[in-house]
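Let's take a friendly walk through one protein model, from a single side chain to the strands and the bond around it. Have the sequence and the 3D view ready as you read.

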Amino acid sequence: MKRTRTAVLALAAAAAALAPALGQAAATAADGGYLQDPAGGEKTMKSQWTKDEMHKVEGQFRLYPGVQYKTVTRPGPPGAPDYERRVADPKTLAWQPSFDFGWAVSDSTLVKKAVTTKDGKHPIVVHAVLRRSSDRAKAVEVHQELTNRPATGRAKVLGGKRIACDTGEYTVEWSVTRSGYGTLTGTLRWDSGCEQYRTAFSRENGKV
C-alpha cells in the first residue's frame, strides 16, 4: 500500500516568505500574518479624547491578507516513489482578506485625562473598505454595529471575497466609532503580489 503524507510548509518558512512581500511604510507585518495600523507593537493604538477631555476612545486595525491555495500530489524521491507527498500548487494562489479591529474606551473619574477607568458595556461600530489604489475601485467592504461590548475588546470580520494575486497595490480605509466619544480612522497599504509565496512553494515542489 502506498504511503502518503501531507507536506505542509512550516510556520517559520511561511512567515519568512510573507514578511518581505508585506513590508511597507506605515504598516508592519507581524508573525507573517497581518499588517497593522498604527505601526508598532501589539498594544500600539491610536487615541482620541472628547472635547471635555473626560472620555477617550482608542483603536487599532489589522489586515489579515489570508493567502489561499490548493495542494497537489507529488511523487516521492528517487528510490522511494511510493512515498507521495502533497504540496502547495503555486497556480492556485489567491488572497481572502479579513479585518481585525481593536478598541479601548476610557473615562476619567476626577481629573481630565487622568485616573481613567475602563468599565461598562459600549456600542462599537467598525468599518473598513479595501480599494484598488490604481483606480480607487472598491474590492471589499465590511461594516458591523457591535452592541454591549466590553470597554476593551477585539472583533474580526471576514471579508468574504477573494482577491487575485498580482493585481497591484490596495489601500484599506478603516474606522472604529464609539458613539458619543468619537471616531478613529486610518489607512494602510497592501501589495497583492504573490511572488514570495510562489517562490517558496516552487522550492517545496523541487522546482527551484
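## A buried histidine

His-122 counts as buried because its relative accessibility is 4%; buried means under 20% relative accessible area, exposed over 50% and partly exposed in between, using a 1.4 Å probe and protein chains only. This is a predicted model, in which local features need pLDDT of at least 70 and side-chain atom pairs count only at pLDDT 80 or more, while totals for chains, interfaces and linings use all residues. Residues are numbered from 1 along each chain as its sequence is written, and side-chain values use heavy atoms, leaving out hydrogens and water.

You will find His-122 in strand E12, residues 121-132. Strands (E, at least two residues) and helices (H or I, at least four) are DSSP runs numbered from the N terminus.

## What His-122 touches

Which side chain makes a polar contact with the side chain of His-122? That partner is Arg-178, at 3.0 Å. The His-122 side chain also reaches the backbone oxygen of Asp-119, at 2.8 Å. A polar contact is a pair of N or O atoms within 3.5 Å; within protein, one must be able to donate a hydrogen and the other to accept it, and residues adjacent in sequence count only if both atoms are side-chain atoms.

Contact in general means heavy atoms within 4.5 Å. Leaving aside neighbours within four places in sequence, the residues in contact with His-122 include Val-105, Leu-146, Pro-150 and Tyr-181.

## Strands side by side

Strand E12 pairs with E16 in the antiparallel sense over 9 bridges, and Val-126 has Val-176 in E16 as its bridge partner. Two strands pair if DSSP finds at least two bridges between them. Strand E16 (residues 169-178) has 7 of its 10 residues buried, so it is largely enclosed by the rest of the structure.

On to the next partner: E16 also pairs with strand E17 (residues 182-191), antiparallel over 10 bridges. Here Val-172 stands opposite Leu-188. E16 and E17 form a hairpin with 3 residues between them, and Gly-180 in the turn has a positive phi of about 90 degrees.

## A sulfur link

How many disulfides does a search of the whole structure find? It finds 1, where a disulfide is a pair of cysteine sulfur atoms within 2.5 Å. Cys-165 and Cys-194 form it, with sulfur atoms 1.9 Å apart. The pair links distant parts of the chain, 29 residues apart: Cys-165 lies in the loop between E15 and E16, and Cys-194 in the loop between E17 and helix H2. Both cysteines, Cys-165 and Cys-194, are buried.
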